[in-house]
Structure formats: C-alpha cells, structure tokens
Amino acid sequence: MARNVNFDLNHPLMEAGLESPVDEEGVHDSFSQLIAEQSGTGGRSDAYELQRLQRELDEEDRDEVPYLSSPPRVRRGRRRAEGDRDRDDHETQTDPLVGEQWSSATLKILSSMPSRTIGRNRGAILSQYYNRTMQLRRRKQSRPSIQDISRSARPSIRGYGMEGDSTDADGTELSKRERLVNNLQNLSAGDRVRMLRGMPLSVAEKHDLRTLTLQKEKRTDSGSKLHCCSRVKYYIIIALRQSWYSWLSFLHSLQLWQVPLKRVGGRFGSGVLSYFVFLRTLLFFNLFLFLVTGAFMVLPQAVHPPDVSAARRSFSGLELLTGAGRFSDSVMYYGYYCNYTLRRSCSGDGDVLNVSVRNSSGERECSSERLSYNMPLAYFFTIGVASFITCIILVYSMSKSFGQSFRIDKSHSILTMKVFCSWDFKVVKKTSVKLMCENICTQLKELLAEVNHKHRKNTACQKLWRLTVHGLAWTICIVSTTACVVSIYYFSGYMHQDPLLNDVSLLALPVVVSVINLLLPGLFNLAAWMEEYNSPSVRTYVAISRNLMLKVSVLGVLCYHWLGRVAVQPDGSECWESFVGQELYRFLLMDFIFTLMDTLFGEFLWRFFSEKVLKRRRRPVFDIARNVLELIYGQTLAWLGVLFAPLLPAVQVLKLLLLFYIKQSSVLMNCQAPRRPYRVSQMTTIFITLLCFPSFLGASVCVTYTMWSIAPSSSCGPFRGLKTMFQAGKLWVEKLEQHNPNLSVLARAHAYLVENPFFLFVGAGVFLVVIYFHSQVVDGQRKIITLLQEQIQNEGEDKKFLITRLQLIHEQKRTPARRLVSQDSAC
C-alpha cells in the first residue's frame with residue numbers, strides 16, 4: 001500500500017529518529033485491520049496510545065540534554081561507550097539482502113514491516129482472529145470493545161523488532177489460545193478450516209489449534225446424547241464419505257504406469273520423462289481407435305463371415321512378418337469385408353442367414369428388414385467419425401498444452417516453490433520417500449542449471465565460424481536426407497515393376513526404409529557434435545527438426561508409391577487395398593524390430609563394452625529426438641493403415657505396450673542422466689503439435705484423397721462396384737429419400753457437408769482459428785503477468801529507496817549532535 005512519507009527535517013517526531021506513528025501504522029498492515037474494526041471508544045484508546053508513544057519519543061529525544069551538560073570526563077566516557085556501541089551496530093546490524101549498514105531507527109522501521117512481524121507477535125494474531133471468530137458467531141450482537149481486552153492482547157504498532165516476541169506472558173497467551181479454541185469449536189467445519197488456513201502462523205501451531213478444537217469438540221459431543229436417528233444419519237454420512245474417498249484413491253491408483261514414470265523422471269529428468277508420457281498418450285489414442293473400429297466394423301463382420309471361395313491357406317509362420325498368406329482372408333484387411341447388408345434370417349427358425357438373393361443393384365437382400373446392418377455404410381462412417389473425434393481430442397490436447405507450457409514460469413520463482421512446497425507429507429513408505437527425494441533432487445538440478453546458464457558473448461570471428469559450422473552441418477543433413485529419399489523412390493519403383501518371387505522379397509522395401517531410419521539419425525548426431533551447442537535443449541530441438549525432415553520425406557515418398565503407383569495399376573483384379581494394408585503392417589513391424597535392435601546394440605552392448613573393455617563408467621545418453629520421432633512415424637503408419645487394415649491399431653497397441661517396458665528397462669539399466677541437466681518446459685507441447693500437424697494432418701489428407709478420388713477394387717472390399725468410397729453414403733441417402741421424401745433435407749446436408757470437400761477445409765480452418773485465438777489469449781496473459789512482475793520489482797525498488805532515504809535523513813539528524821559533542825570536548 002503506497003503512502004506519502006514526510007522527509008521534513010524539522011518535523012517534531014523526526015527529531016526522535018522515527019517518522020510519525022501514523023506512517024508506521026501504514027507500514028504495519030498486518031494488524032491495522034483489527035484497529036479499524038473497533039468502535040469509537042476503541043479509536044480513542046488507540047489515539048491515547050499513539051499520544052503516549054509520542055511523549056515517550058519526545059522524552060528519549062530530551063535525554064540528550066543532560067548528556068550534553070555532563071562533565072567532560074563523563075562525556076568522554078559516554079562518547080567512548082557510544083563509539084563502541086556504534087561500532088558494534090555497524091558490525092552486526094547489516095542487512096543480509098542489500099548489504100547496507102542500517103541505524104537502530106531504520107531497523108525499528110524494518111522490524112515493523114508486515115513481512116517481518118507476521119509469525120512473531122502470536123498474541124496479537126490470536127487476539128485478531130479471536131475477534132474475527134466472535135464476529136462470525138455474533139453477527140447481530142455488539143462485540144467487546146478494545147478497552148475490555150488486556151493491553152497485552154492488543155496488536156502492537158510499535159514494532160521494535162524481536163523485542164515484541166517476549167512481551168506477552170505465557171499465561172496470557174494460553175488464555176488467548178483457550179478463548180480462540182472455544183470460538184473455533186462453535187464455528188462450522190468450513191468456517192473453521194478457512195479461519196485456520198488464513199492465520200499467519202506456522203503449520204505446527206495451526207495443527208495444535210486444530211487438535212485442541214477437535215478434542216474439545218469430541219468431549220462436548222461425548223457428554224451430549226444424540227438421538228438414535230441422528231446417530232444413524234451421522235454414521236451413514238461418514239460411511240458414504242469414506243467410500244467416496246476410497247473410490248477416488250482407487251481411481252488414482254489406476255493411472256497407467258504411475259510408479260515407473262516417477263522413477264524415470266526422478267533419475268533422468270523431464271526430458272526423458274516426456275518421451276514416456278508421450279508414448280502413453282499414443283497408447284490411449286490407439287486404444288480408442290481400436291475400440292471404435294472393433295465394435296462397429298470388425299465384430300459385426302466376424303459374427304457374419306462372408307463366403308470365401310478360395311481354399312484356406314496353410315499357416316507357415318512367415319505371415320507374422322509379411323502379413324500375407326492366411327492373414328489375407330481375415331478381418332485384418334480391407335478385402336475381407338463384404339459389400340452387402342447383414343440381416344437376420346428370413347425364416348422363423350432362428351438361424352442366422354448372412355445373405356440371400358442379390359437384388360438388381362448387386363446387393364443381396366432378404367425379405368425381413370429387422371436387425372439389418374449396412375456394412376459399407378458402417379465402414380465409411382466409422383472411419384470418418386473416429387478420425388473426426390481424434391482430431392478434436394488432438395486439438396484440445398494441443399491447446400491445453402499450449403496454455404500449460406507457455407505460461408510465465410521463471411526459474412527463480414519455480415525454484416522457490418520446489419524448495420518450500422514440493423514435499424508431500426502424505427508419503428510414508430520408504431520406497432516412495434526415496435523416489436520422491438530423487439524426483440525433487442533432479443528437478444532442483446534442472447532449475448539450478450537453467451538459473452546458472454549464462455549466454456556467452458562471442459566475437460565477430462567466433463560468430464562467423466559458428467555460422468559456417470552450422471551451415472555445413474545443415475548442408476550435410478539435407479544432402480544425406482535427399483539422397484536417401486531419392487534412393488527409396490527408385491527402389492520402390494523397381495520393386496513395383498518387377499514381379500515378386502516369394503514372400504520374403506516383400507520385406508525388402510520395409511527393411512531398406514528401416515535401415516535408413518536407424519542409421520541417418522546417427523549422422524545427425526555427429527553433425528550436432530560438430531556444432532557444439534551451449535544449450536542442451538536447443539540441441540534437442542535441432543535434432544527433432546532434422547529427424548522430422550527425414551520422416552516426413554520418407555512418408556511422402558511411400559504415400560506416393562502406394563496411392564500413385566499401386567492404387568492406379570491397370571490390373572483391377574488384384575485387391576490393392578489389402579496389399580497396401582499388408583505393406584503398412586510390414587513397415588510397422590520392421591520399425592518395431594529395428595527399434596529393438598537399436599536398444600540392444602546401441603544401449604546395452606555399448607554399456608557392456610564401455611564398462612568391461614574401456615573400464616569406464618560412462619554410459620550412453622537417451623536420445624529423445626530420435627525415439628520420439630520413431631513414435632510419431634509409427635503412429636502415422638497406424639493412422640494411414642486404419643482404412644486398409646482395421647486391426648492395425650491393435651497391432652500398434654501391442655507394439656507400444658512392449659516398447660514401453662523394453663525402453664524403460666533399457667533406460668534404467670543402460671543409460672545415464674544427462675551430464676548437463678536441463679529443464680524442457682515445452683517438450684510435450686512440441687510433441688503434441690508434431691503429432692497433430694505433420695502426422696495426423698498428413699494421414700487424414702491421404703485417407704480423404706483415397707475416399708474421394710481413387711476408385712476402389714472391383715473384386716474385394718465393401719466398396720466394390722462403386723466409383724469412389726464416398727458413393728456408399730450417397731446411395732444410402734438416396735434410398736432413405738426414396739422411402740421417405742421428408743428426409744430430402746438429410747440428402748442435401750450430406751451433399752454439402754460430406755461430399756463437398758469445402759466443408760473439410762472450413763472445419764480445418766475453424767480448428768486453426770481456435771488454436772490461434774487460444775495461443776493469443778495465453779500470450780496476452782503472459783504479457784500481463786510480466787507487467788505485474790515488473791510492478792512487484794518496482795515496488796521492491798521503491799522500498800529500498802525509502803529505506804535509504806530514511807537512513808540518510810537519520811545520519812543528517814545525528815551530524816549536528818555529534819558536532820556539538822565535539823565542540824564541547826574541545827572546550
């Protein structure tokens with residue numbers, strides 16, 4: 001609270017070395033509210049106390065008169081004593097924060113500030129909250145005046161530092177505590193909790209007050225007899241509340257991988273932890289997609305299997321790698337699903353008849369319309385609705401992550417919160433305590449590393465050299481990526497033109513792509529080693545950019561190969577959708593196998609070689625960028641393949657489950673924490689953004705292009721005989737309009753919203769606008785918080801300025817007195 005300060009040297013109270021008590025009352029904000037709440041008599045009593053304080057200060061100022069009129073020998077002794085006392089004050093009374101030497105008058109003002117009085121004057125605090133509890137209890141009755149309270153129970157406005165702690169006797173403070181406990185006992189549970197929470201006391205003192213209140217309440221309740229119905233109601237409420245808390249604890253314990261994530265975060269920091277959190281997020285996305293496709297597509301077709309004219313192929317075991325063979329005639333792929341409506345039996349014998357006679361349009365029909373299920377329509381709308389819901393979840397997660405990561409979180413303030421507020425006192429198990437200690441220790445290391453990070457100022461030659469090195473590194477990365485992409489393009493064309501000799505040759509293209517994805521990130525890490533980044537977080541972001549460039553280029557060439565070569569081949573007898581589904585299955589499986597090989601050779605064998613052969617304790621560091629981009633690459637394959645292989649999300653779920661446990665064990669056994677700890681505050685936001693825009697958006701564009709523009713196979717799948725997959729919905733709407741003309745509005749809505757691609761562009765634009773506005777709101781909040789923090793810093797500077805002026809004025813006031821003493825001694 002800003003107040004005007006009088007710097008007049010002729011002020012009567014300035015002679016005593018202090019400002020006016022009115023200004024002191026303005027500084028002493030923690031107890032001024034109690035004085036303002038009193039009645040008129042209380043105000044007169046306070047005025048009387050202020051007048052008495054002024055008289056005492058005047059008397060202290062008049063004490064200098066006999067000092068000046070004393071004999072010279074006494075004056076010299078007093079002068080020496082004063083000099084010793086002043087030297088002691090200058091040696092001991094030094095502010096630890098500012099580093100200045102304050103006088104006793106300035107220290108009195110400093111000691112009266114709220115930040116230094118709260119927690120010391122317990123008697124005044126108890127009296128203050130006693131009056132507050134009385135106000136809650138007796139709103140319609142007059143409260144006792146301040147004259148009825150003992151002087152020791154009044155709030156002190158004289159604030160003379162630590163001397164105020166010992167002014168109250170033990171018996172008086174005990175009586176205050178008893179009166180406060182009595183008032184707290186008569187309050188409601190909510191008011192009692194809020195009152196105790198707002199008291200500027202230590203946690204131990206609040207706990208004692210709460211314990212005394214509960215004990216007294218129990219003694220009072222035990223003395224009174226409750227009615228039988230009231231007792232039963234009381235027990236029922238307690239049982240329901242305990243059941244609710246137990247249910248909440250049970251739901252909290254059901255969080256997936258909670259303890260392993262804490263262990264990884266405690267030992268390796270937030271960067272490695274973000275990888276496993278992102279992996280868990282992908283697991284939930286695939287689990288949702290698997291449940292939707294399994295319930296509306298796979299399960300109905302599995303219950304009503306179609307007639308397979310070809311003979312059943314024998315299982316050789318190679319199908320687990322290639323996805324072909326016997327798996328081709330299963331619900332795994334697009335070609336197995338039928339293009340007719342699944343119905344119940346026409347007869348009344350209860351048997352299930354999948355098909356009967358085809359109608360003129362080629363669809364098999366049954367006379368009974370009961371319990372029918374249009375498989376082409378279900379296939380089309382299930383893929384569309386699942387993709388739309390996934391898009392909404394991704395946009396919501398990304399906007400929420402933006403709000404959490406781009407807020408103002410300066411390292412100094414977070415470091416204070418971690419030191420004083422991070423420990424959870426509910427933790428009692430030894431393993432949990434140890435895990436929590438490791439987690440807090442790692443977070444403190446990251447924060448301290450960010451606080452102590454200093455930006456180096458390079459010369460012009462050094463800047464030119466660094467730019468040259470960065471340009472050379474990026475040139476190497478771009479040229480190597482381009483060469484690998486061109487080689488994949490020609491190799492895929494060669495594999496498409498030449499006939500495949502056996503099933504093993506189907507693995508050639510996935511193996512080549514997986515080898516490139518495994519080896520090229522090593523070249524990127526070598527280029528980053530040449531650049532010598534000062535910040536580990538910047539190095540991580542650069543590695544993510546280079547790996548993202550590689551993955552996007554490879555996926556673009558593969559999508560062109562599948563949709564531009566395989567899908568438009570002149571021979572329409574082959575089911576190209578099932579072939580693309582098998583290709584995606586092989587790529588997903590090869591990516592998992594090569595990830596395991598990288599974990600085995602890159603982490604385990606390197607750690608074994610370093611410890612046994614090189615005799616060093618140095619272990620490899622977990623590569624966050626490469627592993628995260630591998631996850632995004634695999635998830636893009638899963639989203640691309642859900643149209644051609646509806647059970648591909650189930651394969652991805654199984655892969656992510658195995659990958660989590662393998663990576664977690666490898667990280668704990670073979671890897672070490674980063675040698676330079678760093679806090680990655682925006683890593684999760686970047687991961688979600690990359691998953692949304694390059695990954696999901698690219699997969700959605702490819703799937704939408706397939707449904708709109710590419711003709712489906714004429715020999716397999718639910719859309720056989722149609723020009724495009726979108727015609728399935730159009731034919732269904734036309735049939736509805738024929739049976740019921742009142743549904744013509746639905747036909748027009750389908751034509752404008754589904755068949756017209758403009759709707760998709762509008763929807764994507766709306767999502768982008770929502771994300772943009774949300775980021776702008778967050779940015780505005782960040783700027784406001786920055787201004788508020790600057791204002792707080794300015795307030796602190798104002799306080800330092802005022803204290804310095806007070807010190808200067810006090811020194812100027814004492815200078816004439818010293819001159820008089822020196823003149824007297826000279827005489």
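Hi everyone, thanks for coming. Please keep in mind throughout that we are looking at a predicted model.

Let's start with the whole chain. The secondary structure comes to 27 helices and four strands. There are 827 residues, and 39% of them count as buried. If you take the contacts between residues at least 6 apart in sequence, 77% of those join residues at least 24 apart.

Now the inside. Which residues have the most contacts inside the largest nonpolar core? They are Phe278 and Leu558, in a core of 111 residues. Helix α13 gives the most to this core, with 15 residues. Beyond its sequence neighbours up to four places away, Leu558 touches Ile488, Leu509, Val513, Phe587 and Tyr633. There is also a second, separate core, this one of 14 residues, and Tyr130, Leu187, Leu196 and Leu201 are among them. As background, nonpolar side chains tend to be buried together in soluble globular proteins.

On to two helix pairs. First up is α13, residues 258–303, with α17, residues 430–452. These two pack at an angle of about 35°, their axes 7 Å apart, and the crossing is left-handed. On the α13 side you'll find Val259, Lys262 and Arg263, then a run from Gly265 through Gly266, Arg267, Phe268 and Gly269 to Ser270. Facing them from α17 are Leu435, Glu438, Asn439, Thr442 and Glu446. What is the make-up of this contact by class? It has three nonpolar, six polar and five charged residues.

The other pair is α22, residues 624–641, and α24, residues 683–709. Their axes come within 9 Å and cross at roughly 25°, which makes α22 roughly parallel to α24. The crossing here is right-handed. From α22, the contact includes Ile624, Val628, Ile632 and Trp639, while α24 brings residues including Phe687, Leu690, Leu691 and Phe696. By class, this contact of α22 with α24 divides into twelve nonpolar, three polar and no charged residues.

Ile771 sits in helix α27, which spans residues 757–826. Is Ile771 buried or exposed? Its relative accessible area is 11%, so it counts as buried. Setting aside neighbours within four places in sequence, Ile771 is in contact with Val395, Met398, Phe402 and Phe693. Phe402 is 369 residues away along the chain, yet the C-alpha atoms of Ile771 and Phe402 are separated by 9.0 Å.

Next is Asn339, in the loop between α14 and β1. Asn339 is buried too, with a relative accessible area of 18%, where the cut-off for buried is under 20%. Apart from residues up to four places away, Asn339 touches Pro376, Gly717, Pro718 and Arg720.

Last, a word on backbone angles. Most residues other than glycine have a negative phi. Trp257 is not a glycine, but has a positive phi of about 60°. You'll find Trp257 in the loop between α12 and α13, and it is buried at 6% relative accessible area. Glu532 also has a positive phi, about 55°, without being a glycine. Glu532 is in the loop between α19 and α20, and at 57% relative accessibility it counts as exposed.

That's my tour, and I'm happy to take questions.

Definitions and conventions. Residues numbered from 1 in each chain as written. Predicted model: local features only at pLDDT ≥ 70, side-chain atom pairs only at ≥ 80, totals over all residues. Heavy atoms only, no water. Axes fitted to C-alpha atoms, helices over the stretch in contact; angles between N-to-C directions. Left-handed = near helix turned anticlockwise from the far one by under 90°. Contact = heavy atoms within 4.5 Å. Nonpolar A, V, L, I, M, F, W, Y, C, P; charged D, E, K, R; others polar. Core = buried A, V, L, I, M, F, W, Y, C linked by side-chain atoms within 4.5 Å. Buried < 20%, exposed > 50% of the residue type's maximum accessible area, 1.4 Å probe, protein only. Parallel < 35°, antiparallel > 145°, perpendicular 65-115°, else oblique.
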